[in-house]
Every structure is written in C-alpha cells, then in structure tokens.
Amino acid sequence: MGALRELELTPKPGLVDRLDNGSHPDLSYELMELSVMLLPRYYEELALCLYDGGSISELRAVGMAAEKRMMQKCQSNTHKGFIFLSGLVLLSHIVFEDIRTGISELSEEFFSNPLPESNGSSVRRNFHTGGIKLECLEGLPSVFEAGIPALNRRPDNPHYALACIMERADDSTSIHRCGMEGLKIVRRDGAELKKLIEEGEPSERWLAARNEYYRSINLTMGGCADLLALSFALKDFNRS
C-alpha cells in the first residue's frame, strides 16, 4: 500500500517515520500505521457508493465518514489529505479511461461546490497559492510528472522521488506552518537532495540534519508525503 510505503521511508524531514514523529508531537509511527489500516474499508465503501450510482455529494459523504472514523480511532487528522486524494484517484480509475483526465474533471466538479473551511483553503486564500486544488485540477502533475518518473529512474532509492516532489509541489502544510518561506525551504531542500542522490553522495545524515532543523522551526510537508504515497500506489498498480 502506497501510504504504508511512504510511512516506512526513513528518514524524512518533518514527517513521521521509523525514527521519530518529525514536527508532529501528536503523532507516532504506530498511530500512523493504524490510520493506514483504516483505508481499505474506505475504498470499499467508496467503490460501492459509485457502483450504486452515488452522486458527488454522496461520494463526498463517504469520504467525510472515513475522516470521522479516522478521528475517532486516531484522535488526529492522520491521513485526512490522503483520504481525499486517494479517493479521487480511485474514482478516476474506475470511471475514466484516462486517469489524469478523470482526476481533472472530478476535481472540477468537486471544487465547484461549497467546501468547509480548512487549512488548505485558508492558505490558498491568504497566500494566493494554488495548493492541492490546482494540483488536482491539473491532474496531479507532482505524481505523474515527478514522483512516478523518479521511482522508475531510481527504483532502489525512493528518497529520489521524495526530492522531485519536494522540488515542485505547492505544499500547503509547509505554508500553513511557516509561511511562504516554509515552502521555499522545502523546495530548496528537494533540489539539494536530488543533487546529492544524482551525484552518488550519501544523503541519510543530511536528511537527519534537515529533520532536526524542520523540528526546530515546526516545519512539515504533509502534502509532499501524500503525493509520494500516491506515486508509490500508482507505480505498483501499473506494474501489477
């Protein structure tokens, strides 16, 4: 499962992994693992709702129920963003011949309806940035043009895919935590990590040092984590 592979990747600056909880004092590896285990039930419910002719509002209700179940079990928004993104990808795969076209068209319909206020919508409004909304409307380019190609180029080093995603993703969680400077740090670090890997230099100590820095300024990159998890999942699906 893509979300589990993302969780297991260690180390990751500011994110939960096998070493620590990054910049998330309310989370742990075990809690995130529990959250991942809740996802298959959600996918089954979503697919059944679609096959029963569910409307966009009914499909959204399935996602909201999954978020509520996650909060009850984990007492935190562990995989809230991934619930939305992975559900969007699943529906696009079932309904559309071309998955990126499906992601764009379903996103257009989804975002055309009034949505509850969230950290992401607040960031888009206050910082005039596209965030995950633009990413979805464009068919997840950070996944299909960065994450998956990077996994194909360097299948033995998934940190390379993380680097390529960090370098281009419009990560709202970074902006929410540390303003636009937070996003700039993530993008610069993505470019630096990519360079280290391409030049054959070891990156583990660099990643660990960046994790300590992210923790010191409360910076994280949950959007990049979700996009990496999707990249893992879609690459594995296409290979099967």
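# A tour of helix contacts and salt bridges

Begin at helix H2, which passes helix H4 in a right-handed crossing, and keep in mind throughout that the model is predicted. Selecting residues 29–37 for H2 and residues 56–74 for H4 shows two helices packed at an angle of about 145°, with their axes 10 Å apart. To display the contact itself, pick Leu31, Leu34 and Ser35 on H2 together with Met70, Lys73 and Cys74 on H4; by class, this set has 4 nonpolar, 1 polar and 1 charged residues.

Next, select residues 80–95 and residues 99–111, which are helices H5 and H6, packed at an angle of about 120° with their axes 8 Å apart. That angle makes H5 oblique to H6, and the crossing of these two helices is right-handed. On the H5 side, show Phe84, Leu88, Val89, Leu91, Ser92 and His93, and on the H6 side Ile99, Gly102, Ile103, Leu106, Ser107, Phe110 and Phe111, which together make the contact. The residues of this contact divide into 9 nonpolar and 4 polar, with no charged residue.

Now turn to the charged side chains, where the structure holds 10 salt bridges. Select aspartate 20 and arginine 215, whose side chains meet in a salt bridge with an N to O distance of 4.0 Å. Because aspartate 20 lies in the loop between helix H1 (2–8) and H2, whereas arginine 215 belongs to helix H12 (residues 204–217), the pair ties together parts that are 195 residues apart in sequence. Aspartate 20 is partly exposed at 21% relative accessibility, and arginine 215 is also partly exposed, with a relative accessible area of 35%.

Move on to helix H3 (residues 39–51), in which arginine 41 and glutamate 45 lie 4 residues apart, about one turn of the helix. These two form a salt bridge whose closest N and O atoms are 3.0 Å apart. Arginine 41 has a relative accessible area of 49% and is partly exposed, as is glutamate 45 with 26%.

For the next stop, select lysine 194 and glutamate 167, whose side chains meet in a salt bridge at 3.3 Å, N to O. Lysine 194 sits in helix H11 (residues 172–198) and glutamate 167 in helix H10 (residues 159–168), and the pair, 27 residues apart, links distant parts of the chain.

Conventions:
Residues numbered from 1 in each chain as written. Predicted model: local features only at pLDDT ≥ 70, side-chain atom pairs only at ≥ 80, totals over all residues. Heavy atoms only, no water. Axes fitted to C-alpha atoms, helices over the stretch in contact; angles between N-to-C directions. Left-handed = near helix turned anticlockwise from the far one by under 90°. Contact = heavy atoms within 4.5 Å. Nonpolar A, V, L, I, M, F, W, Y, C, P; charged D, E, K, R; others polar. Parallel < 35°, antiparallel > 145°, perpendicular 65-115°, else oblique. Buried < 20%, exposed > 50% of the residue type's maximum accessible area, 1.4 Å probe, protein only.
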